[in-house]
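User: Could you take me through how strand pairing and helix packing are read from a model?

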Amino acid sequence: MTAWGCVALRPLDFAVLGPLQVRSNGVRLQLGGRKQRILLGMLVCTANEPVTAGRLIEALWDAAPPPSAEKNLRVYVHYLRRILGSEKRITWRAPGYALTVLPGELDIHLFEEMAAAGTRALARNALADAAGSFHRALEVWRGPALTGFLDIEHLRAMSVRLEEHRLDVLEKKITAELALGRHADFVGELRVLTAEYPFRENLQSLLMLALHRSGRRAEALEVYGTVRRALVAELGVEPGAKLQQLYQDILLDDLVSHAATPPVLAGRSDREALQQIREALNLIVQLLDRFDPPRP
C-alpha cells in the first residue's frame with residue numbers, strides 16, 4: 001500500500017505541454033485512437049479530481065452523442081486502464097472518473113513548481129536564481145499545450161490558460177535577465193515576441209527597456225509609437241499607464257542626460273525638476289494628439 005491508499009502504481013510521465021504523451025521508463029506508450037486520447041487529455045488536465053461522465057461525453061461527441069455514448073465511454077476507460085498498466089489509474093469517483101497522478105508525474109505540476117520557485121526568488125531579489133528557475137520551467141514545454149485537441153472546447157480553454165501562464169513566466173524570466181544587465185542579449189528575442197504578441201504591453205515594455213538600456217533610445221521610443229498607433233487603430237484604446245510612464249521616463253532620461261536644466265527649473269530639486277518636465281511633456285503629448293491630422 002502507498003500513501004495514496006492504493007496498490008503501488010508503476011511510475012508514468014504524463015505530458016500535455018505540447019502533444020499529449022505518456023511515457024513509462026522513457027518509452028512512449030501508444031494511447032490508441034483519437035477519442036481515447038481526448039478522454040485521457042480531459043482526465044490529465046483535472047488530475048486527481050473526478051470529471052463527470054456528462055462532461056466527458058460532451059468532449060468526446062460534442063452536441064451529438066450516440067445512444068451508446070455511456071457504454072462507449074466505459075469501453076474507452078477500460079482500454080486506457082490497460083494501457084496505463086492498472087485499473088487503479090482511472091477510478092470511478094462519483095460523479096465521474098478520476099485519473100490518479102502521483103507527485104512528479106505531470107509536466108504541468110513540474111512547470112508550476114519551478115515557476116513558483118522563480119517567483120519566490122524574484123521577490124527576495126535573488127535574480128540569478130529566479131532567472132534559472134524560470135528557464136527550467138520553460139524548458140518543460142515541448143510546444144503549444146494540448147496540440148491536436150484545440151477543437152475540443154474544454155481542452156482549448158485549458159490550453160489558453162496554460163499559455164497565459166507560460167507567457168507570464170517568460171516575462172518574469174526576461175525581467176530578471178534585464179535586471180542582471182543582459183539588455184542587449186534579449187533585444188532579438190523580444191523583437192520576435194512582440195511581433196507575435198503585439199498587444200501584450202508587458203513584452204513591449206521589456207523591449208523598450210532593453211533597447212533603452214542598450215543605448216538605443218530612439219528605437220525604444222519608436223517601439224512605443226508603433227504600439228500606440230496599432231492600439232488606437234485596431235482597438236480604439238491608448239497604451240496602458242505602465243507603458244505610457246515608461247515612454248515618458250525614457251524621454252526624461254534623454255532630456256536630463258543630454259540637455260542642461262531649463263532656466264525655469266534652476267534652484268529646484270531634481271525631483272521637482274523632473275516632475276515639471278513630466279507635466280510639460282504630458283501637455284505636449286495632449287496637444288499633438290489634438291492636432292494630429294486624420295489618417296487616410
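User: Which residue stands opposite R93 in β6?

Analyst: This is a predicted model, in which local features need pLDDT of at least 70 and side-chain atom pairs count only at pLDDT 80 or more, whereas totals for chains, interfaces and linings use all residues. Residues are numbered from 1 along each chain as its sequence is written, and side-chain values use heavy atoms, leaving out hydrogens and water. Helices (H or I, at least four residues) and strands (E, at least two) are DSSP runs numbered from the N terminus, and two strands pair if DSSP finds at least two bridges between them. Here R93 stands opposite G96 in β6; strand β5 (residues 90–93) and β6 pair in the antiparallel sense over four bridges, forming a hairpin with two residues between them.

User: In what order do the strands form the open sheet?

Analyst: The order is β4-β6-β5, with antiparallel pairing, and β4 and β5 are the edge strands, each pairing on one side only. Two bridges join β4 (residues 51–52) to β6 (residues 96–99), where Y97 is the bridge partner of V51.

User: At what angle do α2 and α3 pack?

Analyst: Axes are lines fitted to C-alpha atoms, for helices over the stretch in contact, and angles run from 0 to 180 degrees between N-to-C directions. Helix α2 (residues 53–61) and helix α3 (residues 69–84) pack at about 90°, their axes 10 Å apart, and are therefore roughly perpendicular (65 to 115 degrees) to each other. Their contact (heavy atoms within 4.5 Å) involves residues including L56 and W61 of α2 and L73 and Y76 of α3.

Key. Parallel < 35°, antiparallel > 145°, perpendicular 65-115°, else oblique.
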